[in-house]
Amino acid sequence: VSVAIVGAGPGDPKLVTVRALELIRECEVLVYDRLVAQELVAEAAHAACISRDGMTQDEINELLVRYGRRGRRVVRLKGGDPFVFGRGAEEIEALVAAGIAYEVVPGLSTFTALPGLAGIPLTHREIAGRVTVVTGTNADGSDLDWEHLGATPGTLVVFMGLARLEEIADNLMLAGRRADEGAAVVSRLSWPDAEVRTATLETIGAAARGMRGPAVVVVGDVALHANRLFSLAAA
Ligand SMILES: C[S@@+](CC[C@H](N)C(=O)[O-])C[C@H]1O[C@@H](n2cnc3c(N)ncnc32)[C@H](O)[C@@H]1O
């Protein structure tokens with residue numbers, strides 16, 4: 001196998017998998033995302049390390065295919081899990097079209113790290129039996145289906161939504177979600193400067209002012225119960 005599509009986890013380099021680290025240490029070419037920890041990039045001691053910053057998706061695909069064709073051991077290191085808003089599938093499609101063998105190593109997504117690290121359970125038998133995950137920024141520029149999101153019970157997790165948080169909260173309330181429903185913004189999860197702020201849907205925009213990305217927005221009463229549940233779990 002020449003090219004490995006590898007998840008790096010949410011930020012803390014210790015949250016990478018054993019297989020990911022093995023591949024990073026052995027690779028000859030490392031193509032990495034901006035959000036990947038520098039400590040992980042440094043593990044690729046014998047590799048040409050290429051930041052994908054400023055490259056289009058087509059350029060990244062071409063790079064993987066070019067080195068893959070030469071039989072180089074390539075690691076494409078991506079933030080979180082490669083397939084949660086990560087375009088991993090597009091990279092694999094390019095490799096398959098070029099006939100290049102690949103391996104996939106799943107990563108810990110922000111989505112799955114969130115409950116344990118931010119203390120917000122995504123499901124809870126008495127509070128939420130369903131989770132909906134969306135991006136606040138659709139690739140085609142279209143807006144979210146507010147009516148549908150307003151009518152869907154349970155927890156809503158919004159990736160890439162911090163910059164338009166107030167607009168998101170307003171639209172959800174207009175679509176029928178309660179103003180006093182719990183909400184949280186989780187920023188820089190697993191990084192040393194991680195921050196969690198909880199409020200209600202009505203007040204989350206003001207409460208989260210000044211927070212830095214990357215961040216996810218959680219809407220649902222699980223956010224209101226977070227601290228209680230977390231401290232119970234930790235006790
Ligand atoms: C392009 S998506 C990549 C998601 C990634 N594939 C995953 O599984 O977590 C980037 C978005 O993920 C979220 N994100 C990534 N890392 C994060 C972190 N450490 N803390 C909070 N949100 C994060 C933010 O919403 C950010 O805008």
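Trainee: Which backbone nitrogen does the side chain of Ser190 reach at 3.4 Å?

Mentor: The side chain of Ser190 reaches the backbone nitrogen of Gly11 at that 3.4 Å, and the backbone nitrogen of Asp12 at 2.9 Å. Both count as polar contacts, because a polar contact is a pair of N or O atoms within 3.5 Å, where within protein one must be able to donate a hydrogen and the other to accept it, and residues adjacent in sequence count only if both atoms are side-chain atoms. This is a predicted model, in which local features need pLDDT of at least 70 and side-chain atom pairs count only at pLDDT 80 or more, while totals for chains, interfaces and linings use all residues. Residues are numbered from 1 along each chain as its sequence is written, and side-chain values use heavy atoms, with hydrogens and water left out.

Trainee: What makes Ser190 count as buried?

Mentor: Its relative accessibility is 17%, so Ser190 counts as buried, the term meaning under 20% relative accessible area, with exposed over 50% and partly exposed in between (1.4 Å probe, protein chains only). Leaving aside neighbours within four places in sequence, Ser190 is in contact (heavy atoms within 4.5 Å) with Pro10, Gly11, Asp12, Leu15 and Leu117.

Trainee: Where is Ser190 found?

Mentor: Ser190 lies in the loop between β8 (182-187) and β9 (195-200), where helices (H or I, at least four residues) and strands (E, at least two) are DSSP runs numbered from the N terminus. Arg188 is found in that loop between β8 and β9 as well, and at 11% relative accessibility Arg188 also counts as buried.

Trainee: What is the phi of Arg188 near?

Mentor: Phi of Arg188 is near 55°, a positive value in a residue other than glycine, and Ser190 has a positive phi of about 75° although it is not a glycine. Most residues other than glycine have a negative phi, and most peptide bonds are trans. The peptide bond from Gly213 to Pro214, by contrast, is cis, with omega near -5°.

Trainee: How do you know that the buried residues of α1 line one face of the helix?

Mentor: The buried residues of helix α1 (residues 18-26) are Ala20, Leu21, Leu23 and Ile24. Seen down the axis of α1, they fall within an arc of 165°, so they line one face, the arc being that of the directions from the helix axis to the C-beta atoms. What covers them includes β1 (3-7), α2 (38-43), β4 (74-78) and β5 (102-105).

Trainee: Why is α3 called oblique to α4?

Mentor: The axes of α3 and helix α4 (residues 88-97) come within 9 Å and cross at roughly 45°, which makes α3 oblique to α4. Axes are lines fitted to C-alpha atoms, for helices over the stretch in contact, and angles run from 0 to 180 degrees between N-to-C directions; under 35 degrees counts as roughly parallel, over 145 as roughly antiparallel, 65 to 115 as roughly perpendicular and the rest as oblique. Gln57, Ile60, Asn61, Leu64 and Val65 in α3 meet Glu90, Glu91, Ala94 and Leu95 in α4.

Trainee: What makes Leu63 count as buried?

Mentor: Leu63, in helix α3 (residues 57-69), has 8% relative accessibility and therefore counts as buried. Leaving aside neighbours within four places in sequence, Leu63 is in contact with Val31, Ile50 and Met55.
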